[in-house]
Amino acid sequence: VFKIPNGGTIKVTPYPAGRTIGGSFWRIEREAEVLLYAVEFNHRREQHLDRFVLEAFERPSVLITDALTMGIEENKRRKQLDQQLFSAIERTMSRQGDVLIPMDPSARVLEILRCLHRYWVLKRKSTPIIIVSNVGDKLIADANNFVEWMSEAIRNELNTQQSRPYHFSRGEVQVIRSPDDLDMFPRPRLILATDVSLSIGFSRYIFTKMANDPRNLVLITQRCRKGTPAYQLSSQKKPPPLVVKIKVAKMVELSAHEIKERLKVTIRVQFTKLDFVSLSDEEKTAFRQAFRSAIATSEKLDISCILITSIDPLSSEISSEVIVGKEAHIAPFRRKVLLDPNSIFSVANGFNSALYGSATTSSEDGTADAAKKKKGKKKKKQSSKDKKEEGDKGAIGGGGGG
């Protein structure tokens, strides 16, 4: 009950909606007005939940609901729907095909799981029902702890037989966390995998693996969002085979050479006091060592990752290839080299900047030159703006003097 500022109260009461464990519709009362908010409900009794009973309430002033099932031609009975489900599974598994049922990772999977489990026990199936989900174990454990929220029949089973609805003691349901573990189970297999839309998750991966085998079957058991692969499958009226376009990305292992190429950064460096041609052989060797050591120390790299590819005899420009540790380090290293090279070629990193002078750098694509030009334009623009402001001030002063 909530008090409202202008006097009076509003009473809000939840009632079981019959769709998910703990799912509710709401009766909202204020004085003589009654509003029912029932957007998601189920008027049929499910395997683990009692049905939503609208007729138990007097006619409300307002009823807010949805119309997601409008336009469905047939409204079949539960037994007929279950029989269609079991027949489709049996036909597929009899020809050694796998059955994939995309599911949501939470409450709605409990309905289909209990339905299939009861059929599996009745028919004494030797192959388990396989759930591929990161939270499958937790979902089943939580469901067994929420029996008081389920149907009266299930509560009676717990009181009289000490039986919980999702206690699978004989291994008839197996939960795995990776689709690669499916290889442990022989075909045919019944697989429940997240997500229900086939757009993401394990169900998408499994679907792409099994789609090209005509023996396999994908069963869509609930409404899906428009544009998803599951919606495309369920909305097509023509008989199989059906065409669904899915972009598939896969990881490709790179060779050592390819990894080095991806991590390679090429830089060009000049020093204001360096005249490389005039150096002796020993001095040239010492310079090369100091150059590579400075980069290695600054970036915490092995010195073997720095290679001097060439030194221009006229300008003494050093071209070098550096193999950084990770792809994420490439951009920061480029930025550091181009904008603040003297933080690398410093005394702290073992480089004699007093002997060789300060460093100027550029990359292969001339990034530094472009940055300098941009910076120059910015300064020029600022200078023009300052001159304009001075001119305006002069004009104002001249006017005052006149």
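## A walk through a predicted fold

Residues are numbered from 1 along each chain as its sequence is written, and side-chain values use heavy atoms, with hydrogens and water left out.

Where does S151 lie? You will find S151 in the loop between α3 and α4. Helices (H or I, at least four residues) and strands (E, at least two) are DSSP runs, numbered from the N terminus. Setting aside neighbours within four places in sequence, S151 is in contact with H48, L49 and D50, where contact means heavy atoms within 4.5 Å.

Now step back to the whole protein. There are 11 helices and 14 strands, and buried residues make up 36% of the 402 residues. Among contacts with a separation of 6 or more, 65% are between residues 24 or more positions apart.

What covers the buried face?

Helix α9, residues 330-339, can be read in a similar way. Its buried residues are I330, F333, V337 and L338. They cover an arc of only 120° around the axis, which puts them on the same side of α9.

Next, let us look for empty space. Rolling a probe the size of a water molecule over the atoms shows where empty space is left. The search uses a 1 Å grid over the protein atoms alone: a cavity is a set of points where a 1.4 Å probe fits but cannot get out, a pocket is an open set with protein on both sides within 12 Å along at least five of seven lines, and lining residues have an atom within 4 Å of a point. Grid points are joined across faces, edges and corners, and a volume is the space filled by probe spheres set on the points.

By this rule there is 1 cavity of 30 Å³ or more. The largest cavity has a volume of about 60 Å³, and its lining includes M103, D104, L139 and I140. The elements that give two or more residues to this lining are α2 and α3, with the largest share, 3 residues, coming from α3. By class, the lining of the largest cavity has 8 nonpolar, 2 polar and 1 charged residues. For these classes, Ala, Val, Leu, Ile, Met, Phe, Trp, Tyr, Cys and Pro count as nonpolar, Asp, Glu, Lys and Arg as charged, and the others, Gly among them, as polar.

The second largest pocket has a volume of about 690 Å³. Of the 27 residues that line this pocket, the closest to its centre are Q47, R114, C115, R118 and Y119. Helix α2 gives the largest share of the lining, 7 residues. The lining of the second largest pocket has 10 nonpolar, 7 polar and 10 charged residues. At 5% relative accessibility, C115 counts as buried.

Finally, some backbone details. A cis peptide bond joins R187 and P188, with omega about 0°, and P188 lies in the loop between β8 and β9 (190-194). Another cis peptide bond joins T194 and D195, where omega is about 15°. Phi of E31 is near 55°, a positive value in a residue other than glycine. E31 sits in the loop between β3 (24-30) and β4 (33-38). Is E31 buried or exposed? At 72% relative accessibility, E31 counts as exposed. R124 also has a positive phi, about 55°, although it is not a glycine; this residue is in the loop between α2 and β7 and is exposed, with a relative accessible area of 77%.

Conventions
This is a predicted model: local features need pLDDT of at least 70, side-chain atom pairs count only at pLDDT 80 or more; totals for chains, interfaces and linings use all residues. Buried means under 20% relative accessible area, exposed over 50%, partly exposed in between (1.4 Å probe, protein chains only). The arc is that of the directions from the helix axis to the C-beta atoms.
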